[in-house]
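User: I've got a model open on my screen and would like to talk through its packing and its charged pairs. Can you take me through it?

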Amino acid sequence: MTTVPRQPSSPDDEESRRAEARRRVIRRRALTLLTIVLLIGIPAGYLVISADQSRNSGKDKEAKYSATGLTIGWPSKVQRRLYEIPIPAHSRNVAYYETNNYKVSRLYAQFLTSDKGLDSFLEKIDSDASDLKRNALPISDRDRSVAGWNFSGPGPWYGLTHDQPDPKPTQSIVVNRSNPDHPMVYVVSTTEP
């Protein structure tokens, strides 16, 4: 058996191997970079977007709940049931405002109704028109300020406080009878959770 002497490799082969090895290193680094972007970059981007949306949502809620004064419209059915403010059907100029903290929750409501609507409202809170006392204004100055109410206009003014045992709400009611056929009713219902 004859053996062929081993020939030294040509310099061209060595250069092509180095170039191939370099391409492989570059490809491997590119794949590593792509993997890092996919595994870390995309979730991090998602977190940044999510955090920004959450922060903006919080600002919107803060603006909504830090507003003071009444909101035009009817309180929700749940609010009316919880605070026991049965606003009569066909009432106008309805507005409300709710405040909550760890000690007490209040719903401020106002509405313009008819004599029949006032009687219906008072009946539903276990009261009647004879319980209304002339020139009685049981809604406190603090609550008037929160709701933006001023009871100094033409009257006559009537009021009553409907006390109930906890956890039922207590209603402070003021009625303006300057228009005898359409009384304006102001209510602050307070509950202690």
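Analyst: Let's start with a term: helices (H or I, at least four residues) and strands (E, at least two) are DSSP runs, numbered from the N terminus. This is a predicted model, so to speak of local features takes pLDDT of at least 70, side-chain atom pairs count only at pLDDT 80 or more, and totals for chains, interfaces and linings use all residues. Residues are numbered from 1 along each chain as its sequence is written, and side-chain values use heavy atoms, with hydrogens and water left out.

User: In which helix do Asp141 and Arg144 both lie?

Analyst: The two form a salt bridge, with their closest N and O atoms 3.7 Å apart. A salt bridge here is a side-chain nitrogen of Lys or Arg within 4 Å of a carboxyl oxygen of Asp or Glu. They sit three residues apart, about one turn of the helix, and that helix is H4 (residues 141–147).

User: How many residues apart are Glu84 and Lys168?

Analyst: Their side chains meet in a salt bridge (3.6 Å, N to O). Glu84 counts as partly exposed because its relative accessibility is 24%, and Lys168 does too, at 41%. Glu84 is in the loop between helix H2 (77–82) and S2, while Lys168 is in the loop between S5 and S6, so the pair links distant parts of the chain: they are 84 residues apart.

User: Which parts does the pair of Arg177 and Asp115 tie together?

Analyst: Arg177 forms a salt bridge with Asp115, and the closest N and O atoms are 2.3 Å apart. Arg177 is partly exposed, with a relative accessible area of 22%, and Asp115 counts as partly exposed at 30% relative accessibility. The two are 62 residues apart in sequence, so the parts tied together are the loop between S6 and S7 and helix H3.

User: Moving inside, which residues touch the most other members of the largest nonpolar core?

Analyst: A nonpolar core is a set of buried Ala, Val, Leu, Ile, Met, Phe, Trp, Tyr and Cys residues joined through side-chain atoms within 4.5 Å. The largest one has 18 residues, and those touching the most other members are Ile85, Phe121, Ile173 and Val185. The elements giving two or more residues to this core are strand S2 (92–100), strand S3 (105–112), helix H3 (115–124), strand S6 (170–176) and strand S7 (184–191).

User: What is Ile85 in contact with, leaving aside its neighbours within four places in sequence?

Analyst: Contact means heavy atoms within 4.5 Å. With those neighbours set aside, the partners of Ile85 are Arg80, Leu107, Ala109, Phe121, Val187 and Ser189.

User: How many residues does the second, separate core have?

Analyst: Among its members are Ala147, Trp149, Met184 and Val188.

User: What do the buried residues of H3 pack against?

Analyst: The buried residues of H3 are Gly117, Leu118, Phe121 and Leu122. Seen down the axis of H3, they fall within an arc of 130°, so they line one face of the helix (the arc is that of the directions from the helix axis to the C-beta atoms). The face turned away from that buried side carries the exposed residues Lys116, Glu123 and Lys124. The buried ones pack against S3, strand S5 (157–162), S6 and S7.

User: What separates the C-alpha atoms of Lys103 and Pro193?

Analyst: Lys103 is found in the loop between S2 and S3, and counts as exposed because its relative accessibility is 54%. Leaving aside neighbours within four places in sequence, Lys103 is in contact with Glu192 and Pro193. Lys103 and Pro193 are 90 residues apart along the chain, and their C-alpha atoms are separated by 6.9 Å.

Notes:
Buried means under 20% relative accessible area, exposed over 50%, partly exposed in between (1.4 Å probe, protein chains only).
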